[in-house]
Amino acid sequence: MSARVVVLISGTGSNMAALLDAAADPGYGATIVAVGADREAPGLLHARRAGVPTFVTAFADYADRGEWNAALADRIAEYEPDLVVSAGFMRILGPEVVGRYAVVNIHPALLPAFPGAHAVRDALAYGVRVTGATAHFVDEGVDTGPVIEQVTVRVEPDDDVASLHERIKTVERGMLVDVVGRLAREGWTLQDRNVRFGRPAEPRGSIEDPGYATEENR
């Protein structure tokens, strides 16, 4: 059975496009059932052209962050996903979302080093020789969730933020496609922050207990 995936974006959605391309292969194991955004993002047009349903839950339409998160969670629920992927989504997801769904995010650094919105700049300023990208499950912190996979990128002497970030984006896109596919095909278990690929013996159940993990994915 193909896993149902909702992808969240805020911009052009290049990582989303890579997931759509991968999901066109029946052997990938995941179907992108919807693409959502917090604004009328350019990437939504690409999804619509591919025949994928889209939705917008605009932050400005709600009184506070909690109300917006609750509305976003309800919109996601309409598509009954097994997995939610934050692919360049520039909003912090609250407990209303991450307490209800397994959410995968990618970050342009080797967490726990350099969390936050300026990871590439911070890595360069620190003078590291190696950085990279991390795929992780989202919890209620900022880039603090359990690590699923990481890839390294060497910092070159003449790198600036733009050149380094471009190389990181190239490897993180491939990592995201691989990680989402493996989670969809193999399932996962989570124990003491350690993520392991492989579906547990219990049968697949509800969204809250999808049968992809031995404990609730946060």
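In the predicted model, Asn69 is buried, with a relative accessible area of 1%. This value falls under the 20% below which a residue is called buried, so Asn69 is placed in that class. Asn69 is part of helix 3. When neighbours within four places in sequence are set aside, the contacts of Asn69 are with Ile92, Leu93, Gly94, Glu96 and Val97.

Helix 3 covers residues 65-77 and has 13 residues. From its first C-alpha to its last, helix 3 reaches 18 Å, close to the 18 Å expected at 1.5 Å a residue. Besides Asn69, the buried residues of helix 3 are Trp68, Ala71, Leu72, Ala73 and Ile76. An α-helix has 3.6 residues a turn, so residues three or four places apart point the same way. The buried residues of helix 3 pack against strand 1 (3-9), strand 3 (54-56), strand 4 (83-86) and helix 4 (95-98).

Strand 1 contains Ala3. Ala3 has a relative accessibility of 2% and therefore counts as buried. Along the sequence, Ala3 and His165 are 162 residues apart, and their C-alpha atoms are 30 Å apart in space. Asp82 is found in the loop between helix 3 and strand 4. Asp82 also counts as buried, because its relative accessibility is 10%. Between the C-alpha atoms of Asp82 and Val35, which are 47 residues apart along the chain, the separation is 14 Å.

The largest nonpolar core consists of 49 residues, and Val7 and Leu83 have the most contacts inside it. Helix 6 supplies the largest share of this core, 9 residues. Another core, of 18 residues, lies apart from the largest one and includes Val33, Val84, Val97 and Val98. Beyond its neighbours within four places in sequence, Val7 is in contact with Met16, Leu19, Ile32, Ala34, Val35, Gly36, Val85 and Ala87.

The largest pocket has a volume of about 900 Å³. Its lining is made up of 35 residues, and those nearest the centre of the pocket are Gly88, Phe89, Met90, Asn105 and Ile106. Two or more lining residues come from each of helix 1 (14-23), strand 5 (103-107), helix 5 (119-126) and helix 6 (161-186). Helix 6 gives the most to this lining, with 5 residues. Sorted by class, the lining of the largest pocket has 15 polar, 13 nonpolar and 7 charged residues.

Some backbone angles also deserve a note. Most residues other than glycine have a negative phi, and most peptide bonds are trans. Leu111 and Pro112, however, are joined by a cis peptide bond, with omega about 10°. Pro112 is located in the loop between strand 5 and helix 5. Asp192 is not a glycine, yet has a positive phi of about 55°. Arg193, likewise not a glycine, has a positive phi of about 70°.

The loop between strand 8 (188-191) and strand 9 (194-197) holds Asp192, and Arg193 is placed in the loop between strand 8 and strand 9 too. Asp192 counts as exposed because its relative accessibility is 62%, where the cut-off for exposed is over 50%. Arg193, with a relative accessible area of 48%, is therefore partly exposed.

Conventions
Residues are numbered from 1 along each chain as its sequence is written. This is a predicted model: local features need pLDDT of at least 70, side-chain atom pairs count only at pLDDT 80 or more; totals for chains, interfaces and linings use all residues. Side-chain values use heavy atoms; hydrogens and water are left out. On a 1 Å grid over the protein atoms alone, a cavity is a set of points where a 1.4 Å probe fits but cannot get out, and a pocket is an open set with protein on both sides within 12 Å along at least five of seven lines; lining residues have an atom within 4 Å of a point. Grid points are joined across faces, edges and corners, and a volume is the space filled by probe spheres set on the points. Helices (H or I, at least four residues) and strands (E, at least two) are DSSP runs, numbered from the N terminus. Ala, Val, Leu, Ile, Met, Phe, Trp, Tyr, Cys and Pro count as nonpolar, Asp, Glu, Lys and Arg as charged, and the others, Gly among them, as polar. A nonpolar core is a set of buried Ala, Val, Leu, Ile, Met, Phe, Trp, Tyr and Cys residues joined through side-chain atoms within 4.5 Å. Buried means under 20% relative accessible area, exposed over 50%, partly exposed in between (1.4 Å probe, protein chains only). Contact means heavy atoms within 4.5 Å. The expected span of a helix is 1.5 Å times one less than its number of residues.
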